[in-house]
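The sequence and the structure are shown first.

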Amino acid sequence: MTFLEAYVTLGPDTIAISKALNIPEHEADRLINEAMERRHDKQVQYRRQIDARRLA
């Protein structure tokens with residue numbers, strides 16, 4: 001199972017993901033934080049594109 005599969009299936013549960021992937025809990029937490037940050041960055045970028053279109 002990959003991290004993304006575990007994240008989709010289990011949500012942001014560090015303990016469950018660490019057990020599913022057989023990695024330390026702090027590593028699962030780091031991967032979850034990265035995934036959430038990427039999602040946030042994409043949302044911000046999308047909002048900026050929409051705002052730019054409205055101003056054009």
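Axes are lines fitted to C-alpha atoms, for helices over the stretch in contact, and angles run from 0 to 180 degrees between N-to-C directions. Helices are DSSP runs (H or I, at least four residues), numbered from the N terminus. The model is predicted, with local features requiring pLDDT of at least 70 and side-chain atom pairs counting only at pLDDT 80 or more, while totals for chains, interfaces and linings use all residues. Residues are numbered from 1 along each chain as its sequence is written, and side-chain values use heavy atoms, with hydrogens and water left out.

Two packed helices are described by the angle between their axes and the distance between the axes. Helix α2, residues 14-21, packs against helix α3, residues 25-55, at an angle of about 110°, and their axes are 8 Å apart. Helix α2 is therefore roughly perpendicular to α3, a term that covers angles of 65 to 115 degrees. The crossing of α2 and α3 is right-handed, meaning that the near helix is turned clockwise from the far one by less than a right angle. On the α2 side the contact (heavy atoms within 4.5 Å) is made by Thr 14, Ile 15, Ile 17 and Ser 18, and on the α3 side by Glu 25, Ala 28, Asp 29 and Ile 32. The residues of this contact of α2 with α3 divide into four nonpolar, two polar and two charged. In this division Ala, Val, Leu, Ile, Met, Phe, Trp, Tyr, Cys and Pro count as nonpolar, Asp, Glu, Lys and Arg as charged, and the others, Gly among them, as polar.

Thr 14 lies in helix α2 and counts as buried because its relative accessibility is 17%, where buried means under 20% relative accessible area, exposed over 50% and partly exposed in between (1.4 Å probe, protein chains only). Not counting residues up to four places away in sequence, Thr 14 touches Glu 25, Ala 28, Asp 29 and Ile 32. Ser 18, also found in helix α2, is buried with a relative accessible area of 9%. Leaving aside neighbours within four places in sequence, Ser 18 is in contact with Ile 23, Pro 24, Glu 25 and Ala 28.

The next pair is α1 and α2. The crossing of α1 and α2 is right-handed. Phe 3, Ala 6, Tyr 7 and Leu 10 of α1 meet Ala 16, Ile 17, Ala 20 and Leu 21 of α2 in this contact. The residues of the contact of α1 with α2 divide into eight nonpolar, no polar and no charged.

Tyr 7 touches Pro 12, Ile 17, Ile 32 and Met 36, not counting residues up to four places away in sequence.

The largest nonpolar core has seven residues: Phe 3, Ala 6, Ile 17, Leu 21, Ala 28, Ile 32 and Ala 35. Such a core is a set of buried Ala, Val, Leu, Ile, Met, Phe, Trp, Tyr and Cys residues joined through side-chain atoms within 4.5 Å. Helices α1 (3-10), α2 and α3 each supply at least two residues of this core, and α3 gives the most, with three. Leaving aside neighbours within four places in sequence, Phe 3 is in contact with Ile 17, Leu 21, Ala 28, Leu 31, Ile 32 and Ala 35.

How values were computed: Angles under 35 degrees count as roughly parallel, over 145 as roughly antiparallel, 65 to 115 as roughly perpendicular and the rest as oblique.
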